[in-house]
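Visitor: Could you walk me through this model and tell me what stands behind each label?

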Amino acid sequence: MNDLISIPCVLMRGGTSKGPFFLASDLPSDSRQRDQILLSVMGSGHPLQIDGIGGGNPVTSKVAIVGPATVSDADVDYLFAQVRIDQQFVDTSPNCGNMLAAVGPFAIEAGLVKAATGVTRVRIHNVNTGKLIEAEVPTPAGRVAYMGDASIDGVPGNAAPIALTFMDAAGARTGKLFPTGNPQDRIDGIDVTCIDCAMPMMLLEAAALGMTGNESAAELNTNGAMLHRLETLRLEAGRRMGMGDVSNQVTPKPVLISRPNNGGDLGVRYFMPHQCHPSLATTGAVGIATGCINDGTVASRLIGDRKPPVVLVLEHPSGRLEVKLDTRDGKTVAGILRTARRLFEGRVFAKPIVQMVCAA
């Protein structure tokens, strides 16, 4: 009917993020062509993503691509794409645990996983990191339930609970829990912990940058001097973690930590990496909590001696997030409760690939 590319799509909220979900078979297998499609669909290169369906914020400029599993111990593959807002760039190096919350429901309704009666367990292979995550999706009467009594800070209202279990998330990108070989390093006079667990991150005390750790996301996002210092530290942390020049990557994520103020265990301000997250990334929570139970990190120095099994409460700008840590076969296993919702389904339109490549 027109000269645009029409692609089946489902828009979903996963945790405190949202974005389009695609079947892998509906996108080009060539990664460059696929990324061109995603950039067009999201409207990247404009702060409002006015020519696409992106929301003009890193938490609403995310894409999930789901297909049949390519490994024997999983049900589905999940490739996450962080689509930059301000420039034509797609980063598939990290995982996203919030979008992950919607992968199970999407896979069931797409016919990739058969629903059980009661709860359906979906084993998800995250292609970005090669790690396995189990999702328990409520399926009373053999169909996905989105309505329920669970609530998560950062999302209004209640919804059905989705339990996520990260199986051995250490070394998601670098292959090592502490890629520098140390639980604590010193960069430009500041103690940091470079940790890779579900998400490569750099943890440091907020006080080291003159912050209290209680600032709102909006306050931190307008503090240019602090953001510049944080980025300088992040770039060096990425180099020391063996990730090379990370100036065009969203990892490692910088995280300011502080003592709690509302009965939790640790105050957290998580950056994506150039804006403070309005709440907290699920993968970030897994890594931060893991840092808390390992001796010698900047997190354990603040929180004191904590060992699994333990539930840690992380305070973020929108409230709190609980992480349950345990061990299984000598490996740390992390559990988090999230919710998700199907928002709309239909077809999204992208500019022809030839035109986009010529324009680039």
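Guide: Here is a short tour, one label at a time.

Guide: This is a predicted model, where local features need pLDDT of at least 70, side-chain atom pairs count only at pLDDT 80 or more, and totals for chains, interfaces and linings use all residues. Residues are numbered from 1 along each chain as its sequence is written, and side-chain values use heavy atoms, with hydrogens and water left out.

Visitor: What makes a residue part of the contact between domain 1 and domain 2?

Guide: Contact means heavy atoms within 4.5 Å. Domain 1 brings 21 residues to it and domain 2 brings 23 residues.

Visitor: What is the area buried between domain 1 and domain 2?

Guide: Buried area is the accessible area (1.4 Å probe) that two parts lose on being put together, summed over both. Here that comes to about 1,600 Å², with 57% of it on carbon and sulfur atoms.

Visitor: Which elements give two or more residues to the side of domain 1 that touches domain 2?

Guide: Those are α2 (97–100) and β8 (162–167). The labels are DSSP runs numbered from the N terminus: helices are H or I with at least four residues, strands are E with at least two.

Visitor: How many nonpolar, polar and charged residues does that side of domain 1 have?

Guide: Nine nonpolar, nine polar and three charged. Ala, Val, Leu, Ile, Met, Phe, Trp, Tyr, Cys and Pro count as nonpolar, Asp, Glu, Lys and Arg as charged, and the others, Gly among them, as polar.

Visitor: Why is the pair of E134 and R121 called a salt bridge?

Guide: The N to O distance is 3.9 Å, and the cut-off is 4 Å, so the pair qualifies. E134 is in strand β7 (residues 131–139) and R121 in strand β6 (residues 118–126), 13 residues apart. Side chains of opposite charge can pair when their charged atoms come close.

Visitor: Why are β14 and β15 said to pair?

Guide: Two strands pair if DSSP finds at least two bridges between them. Strand β14 (residues 310–316) and strand β15 (residues 319–328) have seven bridges in the antiparallel sense, so they pass. L314 stands opposite L321 in β15, and the two strands form a hairpin with two residues between them.

Visitor: How many bridges do β15 and β16 have?

Guide: Five, again antiparallel, with strand β16 spanning residues 331–338. K324 has G335 in β16 as its bridge partner. This hairpin has two residues between its strands, and D329 in the turn has a positive phi of about 55°.

Visitor: What makes the bond from T251 to P252 cis?

Guide: Its omega is near 0°. P252 lies in the loop between α5 (224–240) and β12 (253–258). P308 and P309 are also joined by a cis peptide bond, with omega about 0°. Most residues other than glycine have a negative phi, and most peptide bonds are trans.

Key: A salt bridge is a side-chain nitrogen of Lys or Arg within 4 Å of a carboxyl oxygen of Asp or Glu.
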